[in-house]
Every structure is written in structure tokens, then in C-alpha cells.
Amino acid sequence: MMVRAEVTRVAEIASGVKKIDFEWDAKVLPGQFLMLWYPGYGEIPISISHIGNPKSITVKEYGNVSKLICNMEKGNTIYFRGPYGNHFNPKGKKILIVGGGSGMASLHPLIGPGVYGIVAGRTSHDLVFLDEFDRDKVTVSTDDGSMGVKGNALDALKLQKLEEFTSIHVCGPEIMMFRIMEHLVGRDLNVEFSLERTMKCGIGICDSCSIDGKQLCRDGPVFHISELSLMKEFGESKLTSAGERVFTNVHT
Amino acid sequence: MNLSRLNVNLCGLSLETPFILASGILDQNGYTMQRILKEGAAAVVTKSIGMVPRNGYAPPIVFPGDGYLLNAVGLSNPGIDKIGTEVKIASEAGKPIIGSIFGKDAEEFSLLARKMESYGCAGVELNLSCPHVKGFGSEIGSDPDAVEEIVGDVKKSVKIPVFAKLSPNVTDIVEIAKAADRADALVLVNTLRGMAIDIFARMPVLSNAYGGLSGRAIKPVGLRLVYEVKKETGKTIVGVGGISSAADALEYVMAGSSSVQIGTAVMESGRAIFSSLSSEMISLMNRTGFDRITDAVGVAVK
């Protein structure tokens, strides 16, 4: 079933990243996503970055459809299916969220008073939702060193006393998440990762987004480190749009 | 659970239950097929594979409706040379993999079938019925001469059983079924042609406009076609079309299906549907008076 909603506000929050607000009275859990249809052009999966009402999606210009969505204005209509997928399970009093680039969009619903953050990006212009954290609770990393730690999210993560956190939630490029998973696995930590792979149907049938037999769109996109660390395809290989296995071999 | 009452011998394939994963659903990644087999499917049919890789259509490729699904995936597939890797991974589950193939003529179908056999597939399913790609599928599958030639040539090319999957989008399915007589079994039916229009966007939802209709909505249609073909030809049939419960499956069996395929119901119930269908079927057989599922095949055909 296709849902329609009116865009109520559009704001550029980082370089090429737009936050688009829309009225939609539905229950959405942190980490869930929509299949957003731009009639006549295509349909793409998009994280729901704000789950109250109004809701928001936070979109980075990437391909044709995301570019069209980024150019939408107040008063336009968006079409979508969802919400789809499972959700983050924040636990305890001291929560750390780790977002690389636009990966922060799916983590945004977890941000709140007292929540710690690592905000990673290529440059100081690519830091998404940095201002929403308490200043003394956020660590920044940039690849070019233009702000914060020069390096990646893992470099920033290594500066934290991780055992103090009651839960840790990570989203970003697969290489970033794989390195973090490697660093954290085997320790007594409660860590969740939100994955991204080619997604076509959103409803658990087309097999495009599968990893180790689980469907990101239905069993995921959020996986606990205890499950993710056993997955053979994570950081190793994935299928192209046609279904050809390509080896990313992040771990070699 | 003891599943021996559900055991089926389908054209030489030993199946633990009659429940097979239909082509097109969760069946291009070897790890996914392996998981579905471990979670209870008796066999899986791969996504339809052609000579070369195809991306398929741009999304939207599906439109989930109330009690139905429209899809126009567009024969997205990695090509025959790449699917061997996935079949090998799936085979680790120790259950039969049936390779689905599509080609433009008998020569392509035969080559694809031989490759599938070399990869270790237990059978090959000929997609003579995809409703939404020009030059393939139902365009070929509605021509009895083409069907006869393709089925005949593939049968000569491989030793594994050959299944012919037919389209419901024909005037007389019995004519096509007879043309496919040399197949070991018929798979009935593929999706019906359909579409959906978004009245606010004022355009078809699927990027391809037309798609294949599946799910609960088509069960009465598939059931009738199975019944009719069983009655007219007596062929071994694998029933598929809108099965979402053990009762649906038993109807298909009584109409003449020796086993059944499950596809769209995975959208509603998840991969777990295979194990729940098996336990449901055993209690249903107790209530309907069948000792073994094979005793029910075709009992309703008069």
C-alpha cells in the first residue's frame, strides 16, 4: 500500500544532506526505514531519522532518485511504503551512538539528553546531527582532520572507555562497521549495527539485501554483534543488482 | 517432528515434505537458499537464470496489496556462469536444488539446463511463463510448437528431471500442457498479468507498468488450472499459486498436485512458513483422513 504525505519543511543539514519533514501519523521505531517512491523515476530505501510527528527522512544526494528527493520543497507530496525492518534496542543509562556520514540518519532517534556520540565524516562539512549532542559528550572524527580526531570512527572509538557504556549503536559504511566489529567482538559489550546493502523490494522476498540468509529489510537492518560477528558475508561479499557475487574482502 | 507421512518422491527427487520454495523468491543468494532449506523447505527453485547477467527493472519492482502481490523484477539474474557458486553454497544444506532457467530458444534452454546439471542441481525448471519480459517467458510459453521443441531438446540434453512451468495467461492451458508432455512434470502456474495505478501520482506503480499477480488472490485460478490439466492429461503436477496455509496446499494436492511451491506467502509469514506448513499439514491430514500426503493426490478430480 502506498502512503502519501505532504512535505512541511526542507533543511540542508550537512553538505548535500537534506532533512525533509512530513506529516505522518504512524508508529515508527528507531532504525526503521521506508521505501520512498518518486513517481516516474524510482524507489529507494531511506532511514526515518525523526520518528515523532512530524517525521523526517534525512537524505544524502547519491543517485538519481535521492537527488530528486533532496530537491523537494515544502508543499510537495512524498509517496512511500513502510515502515519496514526491525529496530535498535537501546539499553541502560549510558548509551553511545557511532555514525559515519549519513549513517547517522538511522541513529538519530536514539539521540537525547545524556546520550554520547561519535560523529564521523570525510570533512567538517560531512558531520550529520553533530549539533544535537551535548558538547561534552560528542567526539568528532574527520578523514582530513578538518575537525576533531584526524582519522575514522574507529580511531575516535578507541579513545572511549567502552566498557562504561550500557549499549552501543553503529551505522555507516560497511568497511567502517566491519573494523569496529573486529575491534569490539569478544568484549563484554552490547553493540548493534545497522547494515546497508542493495535493496529492491523491502518486504523480504527479492533476496537483493540478504546477508547469510537473513534479509536486511525484514530480519534487519539492525543486527547484534553476537550474530553479526558470525556472518560469513559481512565484510566479505555481497550481490550486485543482477545478483552477481562480488568480493569486498574488507577483512583481508 | 516426524515428517515421514509427508515424504514425496517427485520424479525421482526424494522430498521430505511437499513444500518447495517457488522460483523468484529469496533464491539468488546461495546462503539464503541454504538457510531456507535448513529452516524447513524440502527443496528450492532458483531465481530464473539466463545466458548473461541482467539487472532487471528499476524499483518499484513490487507492489504489495491486500491479499496479493504485483511484481515486475524483470528476470534480474547473475547469468548462468555465476549461479554455480550460489548453487554450491545452497547445496551444503543437503537438499535438492532445482535450477530455473529462461532462454530465447531451445538451444539456449538446453545449454542452460546442462550447466545447471553440471552445478549439481537435482532438477531443472523451464520458465516458459514469465509475464513481464519481452521475448522470454510467456511469449515463448504460449506457442505450443516452441514449448514442444524446448521441452524435447532439454529432455535430450540432461539426465535430471525436467519441470515445465506454464503460464496461466493463455486461452487453453491444456493445449500447452500437452505440448510439454515430454517434461517429467508440469509446474502450474506462474503469475497472472496485472497492474496497479496510483490515482494521485496518476501513473502505474511498477516501473514496468505491467507485472505478475501472485498471492492469495490467485489461488482459485491456479487451483482450477491444476485440476483441469490433471483431468485432461494425467501428468505429474507441481502446484503453485496463492498457497498460504496447509488447507490451501491440500486443495492443490486434491486437485492433482504431487507437491506444491510456496512463494508470496513468504512475504506475509516469513521463512518460518515452511516448518509451520509441515506441522499444520500433519494435523490437517488427521482431520481429513489421510495417512500419507501421497494418498490425497488427485482425489478430488472427477
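**Backbone and burial**

Reply: To begin with a loop of chain B, B:Pro60 lies between strand E4 (43-45) and strand E5 (62-64). The model is a predicted one, and the peptide bond that leads from B:Pro59 into B:Pro60 is cis, with omega near 5°.

Me: What makes the phi of B:Leu26 worth noting, and why is B:Leu26 called buried?

Reply: B:Leu26, found in the loop between E3 and helix H1 (30-38) of chain B, has a positive phi of about 45° although it is not a glycine. The background is that most residues other than glycine have a negative phi. As for burial, the label requires under 20% relative accessible area, and B:Leu26 has 0% relative accessibility, so it counts as buried.

Me: How do you know whether B:Leu75 is buried or exposed, and what is its phi?

Reply: The relative accessibility of B:Leu75 is 8%, which is under 20%, and B:Leu75 therefore counts as buried. B:Leu75 also takes a positive phi, about 55°, without being a glycine, and its place is the loop between strand E6 (69-71) and helix H2 (80-91) of chain B.

Me: Which residues of helix H8 of chain B are buried, and what covers them?

Reply: In H8 (residues 246-254), the buried residues are B:Ala246, B:Asp248, B:Ala249, B:Leu250, B:Tyr252 and B:Val253. Their cover includes elements of chain B such as strand E3 (19-21), helix H7 (219-233), strand E16 (257-262) and helix H10 (273-288). Just after H8(B), B:Gly256 takes a positive phi of about 125°.

Me: Turning to chain A, why is A:Ser106 called buried, and which residues does it touch?

Reply: A:Ser106, in helix H2 (residues 104-107) of chain A, has a relative accessible area of 1%, and because the limit is under 20%, A:Ser106 is buried. Not counting residues up to four places away in sequence, A:Ser106 touches A:Gly31, A:Ser47, A:Phe88, A:Cys171 and A:Ser194.

Me: What makes A:Leu154 count as buried, and what is A:Leu154 in contact with?

Reply: A:Leu154 belongs to helix H3 (residues 153-157) of chain A, and its relative accessibility of 11% is under 20%, so A:Leu154 counts as buried. Leaving aside neighbours within four places in sequence, A:Leu154 is in contact with A:Arg179, A:Ile180 and A:His183.

Me: How do you know that chain A agrees with a compact globule?

Reply: For 252 residues, a compact globule would have a radius of gyration near 18 Å, and chain A has 17 Å, which agrees. Of the 252 residues of chain A, 56% count as buried, and 53% of the contacts between residues at least 6 apart in sequence join residues at least 24 apart.

Me: What confidence does the predictor attach to chain B and to the complex?

Reply: Chain B has a mean pLDDT of 96, with 100% of its residues at 70 or more, while the complex is given an ipTM of 0.93 and a pTM of 0.95.

Methods
Residues are numbered from 1 along each chain as its sequence is written. Chains are lettered from A and ligands numbered from 1 in the order in which they are written. This is a predicted model: local features need pLDDT of at least 70, side-chain atom pairs count only at pLDDT 80 or more; totals for chains, interfaces and linings use all residues. Side-chain values use heavy atoms; hydrogens and water are left out. The radius of gyration is taken over C-alpha atoms; the globule rule is 2.2 Å times the number of residues to the power 0.38. Buried means under 20% relative accessible area, exposed over 50%, partly exposed in between (1.4 Å probe, protein chains only). Contact means heavy atoms within 4.5 Å. Helices (H or I, at least four residues) and strands (E, at least two) are DSSP runs, numbered from the N terminus. pLDDT is the predictor's confidence in each residue, from 0 to 100.
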